[in-house]
Amino acid sequence: MSLHLQNEAEALGQSLPPLLAEAEMLAATVMLGEHGRRRAGAGDEFWQYRPAHQGDPARAIDWRRSGRSDGHFIREREWQAAQSVTLWVDPAKSMSFTGGKDRAPKGERARLLALALAVLLLRGGERVGLAGLAQPRAGRSQVVRLAARLAGDEGDDAGDYGAPQTEGMVSHGRAVFISDFLGPLDAVEAALTRAADRGVRGVLLQVLDPAEEEFPFDGRVVFESMTGALRHETQQAGELRSRYLARLAERRDRLTGLARAVGWQFSTHHTGGPAQSALLWLYRALEGGR
Amino acid sequence: MFMIGPIGFLTPWILWGLVILPLLWFLLRAVPPAPIRRRFPGVALLLGLTDEDAETDRTPWWLLLLRMLAVAAAIIGFAGPVLNPEPKQAGNAPLLIVLDGGWAEARDWPRRVERAGMVLEEAGRDGRVVAVVRLTDQPQEITFRAASDWQGRLAVIEPSPWLPQNLEAWVDRFPAENFDTLWLSDGLAHPGRDMLAGLFADKGQLTVIEGDAPVVGLHPVAFDEGAVVVSASRLVGQGGEASLEVVGRGPDPSGIERELARATIEFTGDEARAEVKMDLPPELRNRVTRFEIAGLRSAGAVTLTDDSLKRRKVALITAGPQAEGLQLLSPLHYLRQALAPVADLIEAPILTALPASPDAVVLADVARLTAPEEAALVEWVEKGGLLLRFAGPRLAASDVSRYEEDPLMPVRLREGGRALGGAMSWGDAKKLAPFPEGSPFFGLALPDDVQIAEQVLAQPDPELGTRTIAALDDGTPLVTRKFIGEGQVVLIHVTANAEWSTLPLSGLFVQMLERLAISTRPAQPGARELAGQIWVPEVTLNAWGEERDAGEVAGVPGEELADAMTAGPGPAHPPGLYAGADRRVALNVLGAEASFAAAEWPASAQIEGLALMPEQSLKGGFLSAALIALLVDILAALWLGGRLRRLGRGVAVLAVAMLAALAAPQAQAQDATGQQGAGQQGAGQQETAQQGSTAAGPQPGDDFAIRATNGVTLAFVKTGDPQIDEISDYGLRGLGDTLWQRTSIEPEPPIGIDLETDELAFFPFIYWPITADAPLPSDAAYVKLNQFLRTGGMILFDTRDANVASVGGGSSEGQALQRIAAGLDIPALEPIPEDHVLTRTFYLLQTFPGRWAEGTIWVEAAPADAAQAEGVPFRNLNDGVTPVVIGGNDWAAAWAADENGVTLLPVGRGAAGDQQREIARRFGVNLIMHVLTGNYKSDQVHVPALLDRLGQ
């Protein structure tokens with residue numbers, strides 16, 4: 001399972017360029033021993049010009065600078081340090097729902113997105129961890145670990161709806177919450193508040209099945225939650241559609257409001273659509289914060 | 001059996017099940033459809049929402065109705081409904097099956113026998129004893145026997161060619177015990193029928209079955225004012241318009257019986273009898289042996305013609321030029337008067353009259369005949385002619401047959417003659433003696449007023465006694481007769497006018513002529529004419545109107561025959577042709593005055609039609625209706641429960657289609673069990689359904705057809721070898737470009753066709769490259785190809801091997817071509833002649849190269865009689881476009897050019913190669929021109945003639 005998930009995620013992650021998280025809070029997030037070397041490396045910011053040595057590739061030469069003197073100079077950039085990103089994927093039962101045989105359950109899609117994002121981030125040199133499951137670390141090996149944790153996270157004893165975890169979240173780091181957000185929103189609000197307290201910014205991605213968005217039911221139906229704890233019986237399911245959709249929209253508005261209040265971003269992804277778009281959005285949201 | 005209308009039920013008690021329907025209504029109404037349990041994470045959002053309308057926990061009324069109908073259909077189905085159940089002859093008394101057995105039933109006799117057989121079978125099952133009676137038989141004792149005894153006998157009973165006659169005679173033949181009766185009647189009132197029907201009604205249940213075929217019959221034909229009158233009768237009181245086709249049949253000159261005349265008898269209004277006059281030339285009329293109503297197999301629909309219809313041709317010949325004199329004194333006047341109504345007269349010189357093959361020649365006072373006339377007459381008489389001579393002053397004055405017996409005189413004559421009863425004679429005028437037995441005139445009554453005043457006398461020869469067939473009361477011969485070969489010569493010793501006797505003025509004269517078969521009576525012979533002879537049947541009719549050789553049937557006395565003529569034929573004298581001594585009379589099924597009256601039955605009789613609606617079980621139909629209703633119910637319940645939406649519309653459509661498919665074979669199966677007519681109707685519906693489906697909307701082949709018919713489209717046969725197909729495509733494309741540039745033919749891009757699937761009719765021209773491994777087209781493709789060739793299409797066969805034309809198919813491609821062409825409808829071929837129209841349809845050509853230049857091509861052979869036209873170098877070959885052109889020069893390769901007009905394949909070398917390619921293109925232009933314009937270039941051979949006619 002984990003291997004399968006890893007393969008799929010890597011395949012998805014390969015189609016995007018490497019990502020460096022915006023180094024906004026760079027100094028604050030640098031972990032000891034790993035940052036502040038003030039030396040040339042991979043980065044975007046200018047660091048220094050230095051004379052070209054034997055062995056430097058010709059294309060590394062900055063011709064504009066070299067033109068002003070007799071020697072050849074090479075433009076060096078400052079090495080930029082990595083960001084810590086904490087992922088949380090809802091392990092609750094509600095995520096195992098799928099509205100159609102040909103569609104993967106929401107949870108599967110959520111884990112896929114999370115891992116793909118992790119792969120991207122790790123390739124960009126970021127540190128990625130799982131809230132409550134794995135400390136943020138960089139490196140290729142972290143992908144494997146994350147995949148294993150994610151796969152093992154499908155708990156049988158989970159409740160109907162999950163609450164976002166903030167444990168292991170690095171201060172001033174980044175966080176990604178992937179869930180259907182159909183459970184009580186108070187837990188989400190609390191988690192966001194805690195995260196904001198620690199200076200963490202991030203994104204909320206709501207993964208929904210198209211069936212949940214369209215409510216294609218009619219006639220006499222007894223609705224049950226995935227564990228069977230909640231029940232609702234109706235004679236005319238079709239009559240409920242508009243009211244259900246209204247409630248769903250209201251919930252989404254509230255989530256958007258919550259996210260905006262703490263500087264987070266919120267979006268909805270449907271399992272009926274391609275995962276790529278969701279990953280792209282996640283990537284951009286983490287990158288730009290806009 | 002419990003019946004509702006035409007539907008009976010085999011197990012009616014099951015119908016009590018319908019009582020539970022209201023109960024079911026309440027039960028079903030109380031139980032709403034079960035809810036679906038559905039896992040749904042969004043339930044959290046639903047909590048607290050209430051239904052706005054809680055009414056639907058009851059089943060909707062239409063669903064209830066559907067279920068009721070389903071259950072009702074099932075109950076009715078299991079009760080065994082039967083449409084038009086076979087009527088049962090209930091009871092266990094002995095059963096008498098009465099068949100009228102006359103010709104009137106011949107039309108539907110098999111159905112009658114079948115019906116009687118059904119009743120017989122049922123009686124056998126019920127253990128009833130049965131008797132079968134045919135009323136046209138002689139009355140006989142009736143004994144009831146087991147039904148099985150009758151089974152075999154019933155099958156061989158045939159109708160008689162007469163109607164039941166003496167029904168009263170049957171009355172005391174029936175047993176005293178009670179019995180039920182099934183009377184298969186022809187619906188006509190026969191004498192004594194009421195009595196018999198009353199008897200049957202008294203004895204038990206009388207069931208009468210009447211056929212629905214109308215009874216019509218033809219009366220004996222009459223002759224009226226030169227026209228044949230055919231009259232037909234139908235049932236009195238049967239109104240309405242009707243028309244009958246009457247056909248006269250007889251042998252044609254070669255003796256083969258065929259239709260000689262046809263007319264239509266129209267019944268209008270309520271009339272029971274109608275007639276039609278047929279004006280037939282004597283040649284035809286004398287040949288007609290019978291008239292019949294076309295398409296009706298019944299003795300009543302046939303009337304035989306006898307001698308009464310035959311009009312003899314009589315040549316009247318008198319001596320010398322017509323004398324100026326009074327008409328009444330003309331020797332021929334009385335003969336004309338006597339014969340004109342009944343015979344066709346020929347008045348012409350002997351040698352002119354004889355080739356018209358008269359039946360009789362009358363020589364009125366002709367003495368001398370020229371030698372050729374005499375020879376011709378003798379020959380004619382020997383072949384069966386009847387020469388009737390009258391005496392007269394000339395004969396008396398001549399010395400014909402004076403000393404030697406003239407070949408054309410029955411006796412020798414004494415000189416002069418004698419006059420009796422005149423002013424200068426001793427005796428009175430003589431009267432006739434009664435005709436002796438053996439004379440053809442025997443039996444004719446002698447009128448008192450016939451007096452003979454003058455006559456020629458016969459020499460007393462030894463044979464005179466035998467030759468005399470009529471004499472005066474003093475024994476003097478008056479009429480003598482001599483047989484020559486097959487014919488005879490009759491001399492009447494008086495004149496044909498009233499000069500010598502009053503005989504021509506009397507009715508006896510006419511009767512004598514009749515007896516001599518010189519004339520025939522137009523009307524039916526009366527009892528007097530028939531009496532005194534035995535009439536032997538030659539041909540008899542059976543009930544279906546077919547003629548049978550009478551064989552050794554005994555003769556009938558004339559009196560009985562005369563009775564039968566009015567009363568109709570019977571067992572003793574079946575209908576047919578009866579031959580007497582010198583004539584034949586027809587005894588027809590219907591007399592001249594006969595009419596049909598409908599039978600009337602006692603009130604208690606149960607009357608049924610013969611046509612039984614075939615029994616048809618409706619059980620399957622009802623049960624499948626129930627099944628279908630239940631299937632619909634499933635769908636409806638799913639829909640109500642919201643389960644159907646998830647399946648999507650596709651499933652619903654599929655389900656409806658499935659229902660339709662399920663219903664269709666059901667209808668077919670029902671039809672198959674039903675009668676044939678219903679089956680045809682079902683098939684018809686199916687057919688219309690198919691037509692409907694074909695008519696609706698665009699069809700799969702439409703775009704192909706539209707592409708092929710956008711303009712002139714050249715086609716090539718796809719060989720399956722992509723390279724060859726590509727060359728063919730480019731070749732025709734290049735040819736099309738050439739045509740577009742040089743001629744007014746502007747072809748569309750070529751189309752590759754698959755012979756098996758594509759329609760060929762759109763193309764005027766098909767290029768068919770033959771590969772060595774070319775597969776044989778299927779039979780269907782051959783049909784299409786032959787149709788294509790026959791309707792003006794042309795196929796250019798190209799073996800692409802450059803040698804088939806010269807050595808006749810030595811290469812493997814050539815053999816493939818032979819294999820393929822074996823199934824094609826190709827006319828005889830020849831190497832293209834120099835003056836073939838293909839050499840000048842557009843360009844003047846003599847060679848037809850493609851990529852190869854060798855070898856000629858083969859086209860349809862010119863007719864062998866094609867002649868060189870005068871003044872032009874061509875033969876007259878104006879017919880037909882050759883349907884095939886066969887060659888091996890790989891033309892497509894020479895024509896092939898890409899979109900820019902760049903040639904694809906090399907042809908020859910250098911300038912010569914270019915020239916060859918040009919000629920190849922010209923051949924292509926000529927070929928397509930030939931296909932599209934046909935042989936019009938050939939018509940130029942007429943130009944000199946046209947110019948000539950225009951005066952230039």
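**Figure 1. A four-stranded open sheet in chain B of this predicted model.** Here the strands run in the order β14-β13-β16-β17 (chain B), and their pairing is antiparallel. At the edges sit β14 (257–267) and β17 (302–304) of chain B, each of which pairs on one side only. Moving from one strand to the next, the twist averages 20 degrees. Have a look at strand β13 (residues 242–251) of chain B, which pairs with β14(B) in the antiparallel sense over 10 bridges. Within β14(B), Glu257(B) is the residue opposite Pro251(B). As you follow any one strand, keep in mind that side chains in a regular strand alternate between the two faces of the sheet.

**Figure 2. Strand β27(B) and its pairing with β28(B), including the hairpin.** Strand β27 (residues 534–541) of chain B pairs with strand β28 (residues 547–549) of chain B in the antiparallel sense, over 3 bridges. One pair to pick out is Thr540(B), which stands opposite Arg548(B) in β28(B). The hairpin of β27(B) and β28(B) has 5 residues between the strands. Which phi does Gly545(B) take in this hairpin? Gly545(B) has a positive phi near 80 degrees.

**Figure 3. Further partners of β27(B): strands β29 and β30 of chain B.** With strand β29 (residues 556–557) of chain B, β27(B) pairs in the antiparallel sense over 2 bridges. Here Trp535(B) has Val556(B) of β29(B) as its bridge partner. Strand β30 (residues 576–579) of chain B also pairs with β27(B) in the antiparallel sense, this time over 4 bridges. In that pairing, Val539(B) faces Leu577(B) of β30(B) as its opposite residue.

**Figure 4. The largest nonpolar core, with 79 residues.** Which residues touch the most other members of this core? They are Ile97(B), Leu120(B), Val130(B) and Leu561(B). Helix α4 (residues 109–126) of chain B gives the most to the core, with 6 residues. At least three residues come from each of domain 2 (95–215 + 598–609) and domain 3 (216–311 + 523–595) of chain B. For a closer look, centre on Ile97(B): leaving aside neighbours within four places in sequence, Ile97(B) is in contact with Ala116(B), Val119(B), Leu120(B), Val130(B), Val132(B) and Leu182(B). There is also a second, separate core of 58 residues, which includes Leu377(B), Leu386(B), Leu508(B) and Phe509(B).

**Figure 5. Two crossing helices, α20 and α25 of chain B.** The axes of helix α20 (residues 722–742) and helix α25 (residues 910–933) of chain B come within 10 Å of each other and cross at roughly 75 degrees. Angles of 65 to 115 degrees count as roughly perpendicular, so α20(B) is roughly perpendicular to α25(B). On the α20(B) side, Leu735(B), Thr738(B), Leu739(B) and Arg742(B) make the contact. On the α25(B) side, their counterparts are Arg921(B), Gly924(B), Val925(B) and Ile928(B).

**Figure 6. Pro60(B) in its loop.** The loop that holds Pro60(B) lies between α2 (43–46) and α3 (61–78) of chain B. Is Pro60(B) buried or partly exposed? Pro60(B) is partly exposed because 15 other C-beta atoms lie within 10 Å, whereas a buried residue needs 20 or more. Arg29(B) is 31 residues from Pro60(B) in sequence, and their C-alpha atoms are 7.9 Å apart in space.

Figure 7. Among contacts in chain B with a separation of 6 or more, 76% come from residues 24 or more positions apart.

How values were computed: Residues numbered from 1 in each chain as written. Chains lettered and ligands numbered in written order. Predicted model: local features only at pLDDT ≥ 70, side-chain atom pairs only at ≥ 80, totals over all residues. Core = buried A, V, L, I, M, F, W, Y, C linked by C-beta atoms within 7 Å. Buried ≥ 20, exposed ≤ 12 C-beta atoms within 10 Å, placed from the backbone. Domains from an automatic or database assignment. Contact = placed C-beta atoms within 7 Å. Pairing = 2+ DSSP bridges. Axes fitted to C-alpha atoms, helices over the stretch in contact; angles between N-to-C directions. Parallel < 35°, antiparallel > 145°, perpendicular 65-115°, else oblique.
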